[in-house]
Amino acid sequence: MLKKVTLSLGAAALALMFASPVLAAGTAPVPPMGWNPWNAFGTGVTEERILAVADTLKKSGLADAGYRYVNMDDGWWLKRRADGRIVVRTSIFPSAATPDGNTSLRPFTDHLHAMGLKAGLYTDIGRNACSQAWGGKTAANLPEGSTAEREIGSYGHQAQDMKLIFGEWRFDYIKVDACGPADFQPAKAFVKDGTYRALGPWIVRGKPNARDNARIENLYASLDAAIAAVRPRRDYVFSICSWGEAGVQAWGYKRGNLWRTSEDINAHWKSMLDNFDSAAGHPETVGPGHWNDPDMLEIGNGDFDADHLTEARAHMSMWAVIAAPLLLGSDVTKWPQSLIDIAGNREVIAIDQDPAGHPGKIVSRAGDTEVVAKPLADGSRAVALINRGSGAVTASVTLKQLGFDGAVTVRDVWAHSDATPVYDGITVSLAAHETKLLRVGKTQ
Ligand code: GAL
């Protein structure tokens with residue numbers, strides 16, 4: 001009898017475990033979409049530039065297409081005051097100046113909210129930011145003052161900072177970097193000379209065995225708990241930026257809504273492919289609320305600018321087919337219509353934002369060609385046929401490989417072509433760096 005009770009309790013507990021969503025982090029039922037200034041402006045960001053981007057998102061239709069989070073990155077802070085409150089750099093954020101000298105980003109978030117947009121901010125789980133480790137002494141907008149005043153990261157101030165950012169300032173999104181515990185080790189010259197205090201290192205870049213993954217996970221978990229204490233409805237997005245380090249693939253889905261899977265992207269074809277691979281190879285924990293983040297889009301920059309529309313479409317297709325967050329990283333105020341049409345392609349966005357939230361999975365890879373497929377809520381499949389190389393190729397996939405057992409119709413979501421019936425397999429010709437993104441569904 002006793003054994004039976006234990007068994008059925010065990011089954012009930014198990015059923016509960018699998019039925020209930022993981023209660024952690026904020027709310028992101030579909031991959032977040034928006035804009036981040038880092039790839040375009042680095043720390044040389046200003047309120048004026050961000051609001052110009054926000055205007056463009058509205059006027060171009062990109063906001064209506066889904067790009068609603070307007071996020072800040074590194075560079076917004078001036079210092080941490082003796083009472084712990086962060087002071088905003090009002091020379092770049094004039095609306096943050098207050099008569100009592102407290103500084104507030106509330107006018108900024110109010111402005112974005114009044115436009116129907118959402119607002120995101122940036123911090124670090126350590127004491128210091130990435131720009132302080134990597135920007136040398138000359139990067140724009142480095143925090144100022146004494147060593148303590150320049151400690152603008154959340155370490156030791158989690159509750160106070162999250163109350164300010166999510167309570168008083170009403171932000172909707174936070175990206176949390178990890179340079180603090182990675183790049184301020186005692187041996188660093190800027191630590192030895194007293195510019196910054198030592199922390200860790202608890203992440204040792206490139207040395208997996210020297211990492212303190214549990215400590216990093218706990219820092220993210222406690223920061224998320226500090227936000228939830230202010231916003232118990234969890235109406236925020238929590239973005240983990242530990243660049244695929246600290247074993248984040250094993251715990252990111254429990255602690256955040258998205259987690260970076262790699263080093264920073266740059267506007268080169270190879271970097272885009274590397275970042276794509278870092279996420280495409282790990283579909284395991286992707287699902288509603290929890291997304292691999294291969295980093296911001298480079299559409300509009302370098303190899304993906306208005307002279308490289310094939311590459312821009314490929315980049316967009318690849319992020320969409322693996323349900324990656326779509327965070328534009330370019331100065332969209334300068335975009336021609338051709339780029340707006342690419343980032344704003346509603347059929348492509350619908351694949352990324354599909355409500356079932358399935359990850360894309362690699363179906364095959366041979367030479368420069370790769371096929372990735374993502375099941376969609378209506379029973380169809382998004383299929384990306386990718387040419388990673390710089391020569392023309394032919395790529396094929398059978399309907400069986402896609403999991404279909406009868407005829408299907410195929411629609412090219414870039415060409416907006418009519419759906420064509422197909423009976424055995426799909427073969428396409430791909431120009432250098434071209435990706436075809438198809439919506440494949442059972443014939444009615
Ligand atoms: C990096 C991060 C970038 C950007 C930068 C700011 O660690 O991956 O996306 O936020 O810091 O300094």
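Which residues do ring pairs link into a cluster with Trp76? Select Trp76, Trp77, Tyr122 and Trp169, which ring pairs join into a cluster; rings of Phe, Tyr and Trp (its six-membered ring) pair if their centres lie within 6.5 Å, with planes under 30 degrees apart counted as stacked, over 60 as edge-to-face and the rest as tilted. The model is predicted, so local features need pLDDT of at least 70 and side-chain atom pairs pLDDT 80 or more, while totals for chains, interfaces and linings use all residues. Residues are numbered from 1 along each chain as its sequence is written, and side-chain values use heavy atoms, with hydrogens and water left out.

The count comes to 14 aromatic pairs.

Next, select Lys188 and Trp134: the charged end of Lys188 sits over the Trp134 ring, 5.9 Å from its centre, where the rule asks for NZ of Lys or CZ of Arg within 6 Å of the ring centre and within 35 degrees of the ring normal. Then move to Arg381, which lies over the face of Phe404 at 5.1 Å from the ring centre.

Finally, turn to the cavities, each a set of points on a 1 Å grid over the protein atoms alone where a 1.4 Å probe fits but cannot get out. The largest cavity holds about 50 Å³ of space, a volume being the space filled by probe spheres set on the points, and residues including Asn36, Lys175, Arg260 and Asp293 line this cavity (an atom within 4 Å of a point).

Technical notes:
On a 1 Å grid over the protein atoms alone, a cavity is a set of points where a 1.4 Å probe fits but cannot get out, and a pocket is an open set with protein on both sides within 12 Å along at least five of seven lines; lining residues have an atom within 4 Å of a point.
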